[in-house]
Amino acid sequence: MQTNFTDRQLTDPAIAQSEKILRNCVHCGFCTATCPTFVTLGDELDSPRGRIYLIKDMLENDKPATEKVVRHLDRCLSCLSCMTTCPSGVDYMHLIDHARSHIEQTYDRPFGDRWLRAILAWVVPRPAIFRLALIGASVAAPLARWMPGRLKGMMAMGARGAQPPSWVDQPQVIPARGVRKGRVAILTGCAQQVLDTAINEATVRLLTRIGIEVVVAKGAGCCGSLVHHMGREDQSHQQAIANVVAWSGHLKDQGGEGLDAIVITASGCGTTIKDYGHMLRHDAQWAKPAARISALAKDITEYLAELDFDLPVTAQDVPPLRVAYHSACSMQHGQKITRQPRDLLKRAGFEVLEIAEGHLCCGSAGVYNILQPDIATRLRDRKQANIRQTQPDIVATGNIGCMVQLDCDDLKVVHSVQLLDWATGGPVPDKLRHLVPPF
Ligand code: SF4
Ligand code: SF4
């Protein structure tokens, strides 16, 4: 794509980066067919190519964001399916990040939108406050059907209820059982530790059982992804730096005992942490430490698959269940992790089922299902229908957002690590108790 930025504009490193990205796009439009919003809405401006044009026009002409640009860019899920499809390697992720930051700086959102975003950005990253908010929302949940779309989404989340704090999310070092074979830090996250404590508990049980010491670092918290996708750069950088400081303190040359990896169980967070080095690349103080942390970040399945020993599967208690594996967008498109979770589940004795249209987002995408409830609901319904076609006993995935979005009466969704923990000697996940004797 030809661009016409001036020399003055190109002195801004963010513009210079976006100009390079734009130049890679050859307008071929292959990405439109795999973009969930284009597939759902059929509007070129809700496709990657359409959004790229809108961003180019906005940045090249130094324009503040308009209502039209914001409408179409807000509808982007940041699922990154377009990046998997694009034959020219267009780095859409960093282009939309820049565009969102530009919107945040130049566009005055309507009061209700601004208010909702500010509340979400403040509440969700703080587990104690988020827990209280969910308890409040659960009280109001019976009124949800009479509420407008966005409030309905918030109430629906509240209806799931908040879980009490788990011991596993407190700062500590949890020793390996037997001979220590490795040492990792885990991200306990923010929303995940409120919505489903079983995930971190299963992770710690599994890791320590196989000889891995687990560090829950003091000062580590939200990865910053939520506010990052809202274009709130300062806030996301602060959250990223807090994590870099917390984990760096455990590295050997910083006086710690060393870390083999930083293990992440929410793929949405993993994509962001792996990008810390890029996010903070212009920060003289934090660029290098952030790049180091990014290099250590691994999804739990990525980490387990790279171990030089097999998981000790105790298959006698685990029936060969039919597991529909839902690959979260941040897992398959953001981190390009596709084989590892499926291989681990198969090796643990499960029958892994492929879901049609697996590349399409389920509509969760952080808080997208609250901010864009109509599109999110259409994508959820489509995904659930595709999952039902596989006739699974259970659905497994690697991201709490997808779990919340897809779980329903007839489709029970667990994290892959819960199945792996069970298969290696852990307890039966609660959602599977009805399938495993004694009932
Ligand atoms: S990130 Fe997803 S929703 Fe956004 S343009 Fe790309 S494919 Fe479409
Ligand atoms: S597939 Fe890639 S090169 Fe083609 S229009 Fe989409 S982003 Fe541009």
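**View 1. Contacts and overall dimensions of the protein chain.** Of the contacts in the protein chain between residues at least 6 apart in sequence, 73% join residues at least 24 apart; two residues are in contact if their C-beta atoms, placed from the backbone, lie within 7 Å. This is a predicted model, in which local features need pLDDT of at least 70 and side-chain atom pairs count only at pLDDT 80 or more, while totals for chains, interfaces and linings use all residues. Residues are numbered from 1 along each chain as its sequence is written, and chains are lettered from A and ligands numbered from 1 in the order in which they are written. The protein chain has 24 helices and 9 strands (DSSP runs numbered from the N terminus: helices are H or I with at least four residues, strands E with at least two). Its C-alpha atoms fill a box of roughly 65 × 55 × 45 Å along the principal axes.

**View 2. Strand 2 and its neighbours.** Strand 2 (residues 182–186) is largely enclosed by the rest of the structure, because 4 of its 5 residues are buried (20 or more other C-beta atoms within 10 Å of the residue's own, all placed from the backbone). Strand 2 runs parallel to strand 3 (residues 212–216), with 4 bridges between them, and parallel to strand 4 (residues 261–264), with 3 bridges; strands pair if DSSP finds at least two bridges between them.

View 3. V184 has V214 as its bridge partner in strand 3 and A261 in strand 4. Leaving aside residues up to four places away in sequence, V184 touches residues including L207, L259 and Y303. V184 is also among the residues with the most contacts inside the largest nonpolar core, together with W247, I262, I264, I273 and L419. This core has 120 residues (buried Ala, Val, Leu, Ile, Met, Phe, Trp, Tyr and Cys residues joined through C-beta atoms within 7 Å).

**View 4. The shell around ligand 1.** Ligand 1 is surrounded by 13 residues, of which C35, P48, C76, C79 and C82 are the closest (a residue is near if its C-beta atom, placed from the backbone, lies within 6 Å of the ligand). Helix 3 (36–41), helix 4 and helix 6 each supply at least two residues of this shell.

**View 5. The shell around ligand 2.** Among the 14 residues around ligand 2, C25, C28, C31, C86 and V90 come nearest. Helix 4 (48–60) and helix 6 (81–85) are the elements that give two or more residues to this shell.

Notes: A residue is buried if 20 or more other C-beta atoms lie within 10 Å of its own, exposed if 12 or fewer, and partly exposed in between; C-beta atoms are placed from the backbone.
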